[in-house]
Amino acid sequence: MVFARPLLALALLGTGCSQTLDAGYDLSHGKLPVDERNPIILLNDGAYDNWSGEYAVLLANGGGSPLAAIIVDETADWPNIQTNFGGYTNLVTAARASGLENLPDPISSIGPPLVMPANGNIDDTKPNRSNGALAIIDLSNTMGLPYRPLVIATGGALTDVADAYLVDHSVVDRVVVVSSLGSTSSTGGGMGLPNGQGDPLADAIVARHFQYVQVSAWYDQLTDVPSSSLSELPNNALGAWIASKQPNLWTWSPASDQVSVLAVGLPAFATTVERVAPDAPVDAGQTGDAGAGPNLTTNKNGPDWLVTACDGNAATKLFWKILQTKTTH
């Protein structure tokens, strides 16, 4: 798939350049419009229920997406920002001590679910202006390019992403949102559990205004580091962190938030992808507690993407390969 050809064409016309870009320059490596060459912002809440953070730091050191930022927020599932932020800080500290490089300090962000204004105009929604939203805007200005946009890989509510749009509408020209969120249906998908229920208005803003990829494909994350493999972890700080975290992983089947990071950083991970379009606009009565964002209907000309199947075995193999070859013992 090709990303942002209209923007590329405009850029070439604006500079008076008539040359054709090399085909490998603006074509993605997998089934999605972004791949391992795109820098990512990891946006998530809890640090202990899945391997999102671990995959992000490992891929950033093993041929996957460069890690531009880690934004840590709070949601109903993980309501304590100190616990959440402390967890990601400890992960980054352990990863650095084990030889991994180019890892940013986490950013703490607090912002309540967005509320639809009485007039029903989404653009009149009051923004939180959270630290996360402002970081997304700033980083998109420095790292988001028409042919290589910045990716926001989410594993929780989309509040900070939508908040960034409310502060600066132009952010949508520089980022792609890839979210571990929702479920599939006979007609496409829905933006509900997991992660979509926390801020339905934010879901609607993201699905309609951003280039949006919803990953509603899950695998059993308990197979990444089973108890039988704990002895094979490297003898370093990151290995110790992973061993201490492993017993606390959520066993609920769509609990692998790392699918958003993997869909970008490992192009072979997303095996089945559909084009979709969000359904009718939310109305003024939706105030952030409706339980789900819009439905995504299969549409070959739709503006969004829906991942419906993935290769968890490929993810696990890469996890161990990078862990054992790129960290110091």
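This is a predicted model: local features need pLDDT of at least 70, side-chain atom pairs count only at pLDDT 80 or more; totals for chains, interfaces and linings use all residues.
Begin by selecting Val 178, Leu 238, Ile 242 and Phe 269, which touch the most other members of the 52-residue largest nonpolar core, where such a core is a set of buried Ala, Val, Leu, Ile, Met, Phe, Trp, Tyr and Cys residues joined through side-chain atoms within 4.5 Å, and buried means under 20% relative accessible area with a 1.4 Å probe, protein chains only.

Residues are numbered from 1 along each chain as its sequence is written, and side-chain values use heavy atoms, leaving out hydrogens and water.

Next, centre on Leu 262 in helix H9 (residues 259-265), which counts as buried because its relative accessibility is 0%. Not counting residues up to four places away in sequence, Leu 262 touches Tyr 55, Leu 59, Tyr 219, Phe 269 and Ala 315, a contact meaning heavy atoms within 4.5 Å.

Then move to strand E5 (residues 175-180), where six of six residues are buried: Val 175, Val 177 and Ser 179 point one way, and Val 176, Val 178 and Ser 180 the other way. Five bridges join E5 to strand E4 (residues 150-154), and the two run parallel, pairing being assigned if DSSP finds at least two bridges between two strands; select Thr 154 to find its bridge partner in E5, Ser 179.

Key
Helices (H or I, at least four residues) and strands (E, at least two) are DSSP runs, numbered from the N terminus. Buried means under 20% relative accessible area, exposed over 50%, partly exposed in between (1.4 Å probe, protein chains only).
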